[in-house]
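Hi there,

Here is the structure I promised to pass on to you. Have a look at it first, and then read my notes below.

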Amino acid sequence: MASSSPYPSTIMTCQQNSGHHHHLPILSVPTTTTTTVPAAVFIRRTPPPITASSLHHSHSQHQETTSDKILRTHNAKSTSLLFLTDKISPNAYEYDEILKLLELSMARKRTPQFPGSIYVQSPADVDVNSSLPAIKEVFDEENDDDIEVIMRALEIRREVTLEIFKEAMRKGKFGITYSTNLASKLFPEFIDCVMIQAASMKQLPEFANSSFNFRAKAYLETSNVIPLIRWLKHNGLSYPQIGKLICNSRGNIESIRSSAEWLKSIHVSGRFIGVALLRAGRNILERNIEELDEIVWYLEKNGVRREWMGYVVSRCPELLSFSMEELKNRTNFYFDMGMNENDFGTMVFDFPKVLGFYSFEEMNQKVAYLKEFGLGNEDVGRLLAFRPQLMGCSIEERWKPLVKYLYYLGVSRDGMRRILTIKPMVFCFDLESNIVQKVQFFRDIGVQEKGIASMLVKFPSLLTYSLYKKIRPVVIFLLTKAGVSQTDIGKVIGMGPELLGCSISKKLEPNVKYFLSLGIDIKTLGQMIADFPMLLRYNIDVLRPKYRYLRRTMVRPLNDLIEFPRFFSYSLEERIIPRHKILVENRVNFKLRYMLSSTDVEFHQRVKAAVQKRQRFESGISNNIESDSRTDDPYEDEIEDEFSTLGD
């Protein structure tokens, strides 16, 4: 093959054990000068096999020129086919050859070299004499395919930059898996930023003759991104969160650090700093410290204490992304409902999302829905100040299904308003997993349908208790330890749902032991509880003086207490003692039921009738004659069997 190159073609072959001949290219290197060989010579198609005659001719020709050229081979197992072509013009390069040249030129590491190596140096290695042509020599300004080549070059440089970042992570003592995962989240936003910064650094005098790899490493080192990643990881951020935060910075890594320092100044704890920066969005990284201080000052002015600010910002970082106009509009939304600064401050502290998480449209819709229960504007304001979590509930998913279910149970609109005002958290619970299960449990133990509705209206807190940790254990205690029968348990719970809120160890069990210590057997106690379920809710310190007065001063038998356990529900100083004195002064005696349950007017009428009855008895007038002549008295039958047991 004819060639204008100063070096003739040389062909060498090596016969293997199988007897076949293999032809591989090798490079003949001159002893005196370095010749620039295009990259195309390494990827051109292998020429057709050469016959033995031509091989012999070539071999003899090679012997004739050994004084001028030295043929370099690797070992006996490899045969090489040397291509020496003319210096090809840049326009003659094929597309695949150009891509190969790009890959070599943008290699992250220097091409490995060792004694006897026939590989050429990469053009990216500026400190060696590369045998490859410069990249700009292979592009044709008139060729439209160069755009595709440039895009491929951009992809290759991205990959190189990505590997440089991974290497910097590994030098920073990060594991290979963590470095790879984090790099995947930073690609391509932050990787492109590093690539652009490294390219722009070439304009600086100190980096004018530096390779791209060196400049990329220098930028990563000066930006301190690796220490920042370690600090964010130490504060509990996952690698997806770290990747998103760094991408949000748009290359301004220092903005993350300065924003974090500001968050520390308002007492945001370390584990919430990264989360706050992430949830506040790019806006916080683009705002200056003066704007952030103005937001904090405005909240503090309207009732949010300075020591609460870290907690509030940690739970609702979206506040830092608002403009002052929007923040003022949101604040006035609540002040227009009658809130004062104290109510507003405590509301924001209890539930920071109430101010900065929901849209104005959603906030107005929820307030309008609450007003449908008959609440006024100020009533809604007080309700939200007391339970701001209502603003976090969905109307369609929470409120409407609950209202429909309560209406099905028989709860009226006024009852729903009472539930909402007394225990608004009921409107925040999941219907199926919470309320429905409890209602079904009440049905299973025998509470009537009408009784369930009255229970919920009477004691809305019932729905906030855990079914398995609170309600069921109390029911089991009443059945097994308090003597309540299976037939009466539904009546007990229906009449006294407040029992379900009592502590077994601190309230119910001590009361049961006290009544048993009075000589009341457990079965009788169960009947007393069925008659008056609230019996177990009173403190023993309140029960003891009443019982002592009943037994020692009133000299009443224990059976009177068993017949009327509501005796303990009346005030000793205001009702029991005054009425007992009246009975003693008039020398009459009533059962506890008639003595205490009637109003003052009814009680005095009973006393008057009993005194007249006693006087007629003492005068000796015949009862038969008296009974014929007396007028109908509603209290005569009540004292018929009592006037003989007069008080002293």
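The protein's secondary structure consists of 33 helices and four strands (DSSP runs numbered from the N terminus, with helices being H or I of at least four residues and strands E of at least two). Please keep in mind that this is a predicted model, where local features need pLDDT of at least 70, side-chain atom pairs count only at pLDDT 80 or more, and totals for chains, interfaces and linings use all residues. Residues are numbered from 1 along each chain as its sequence is written, and side-chain values use heavy atoms, leaving out hydrogens and water.

Of the 648 residues in the protein, 44% are buried (under 20% relative accessible area, with a 1.4 Å probe and protein chains only). Among contacts (heavy atoms within 4.5 Å) with a separation of 6 or more, 72% join residues 24 or more positions apart.

Two serines are worth a visit. S179 sits in helix 4, residues 176-186, and is buried at 0% relative accessibility. Its side chain reaches the backbone oxygen of G175 at 2.7 Å. Beyond its neighbours within four places in sequence, S179 touches K166, M169, R170 and F174.

S210 lies in the loop between helix 5 (189-200) and helix 6 (212-223). S210 counts as buried because its relative accessible area is 13%. Setting aside neighbours within four places in sequence, S210 is in contact with K202 and R215.

Enjoy exploring!

Notes. Buried < 20%, exposed > 50% of the residue type's maximum accessible area, 1.4 Å probe, protein only. Polar contact = N/O pair within 3.5 Å; in protein donor to acceptor, adjacent residues only side chain to side chain.
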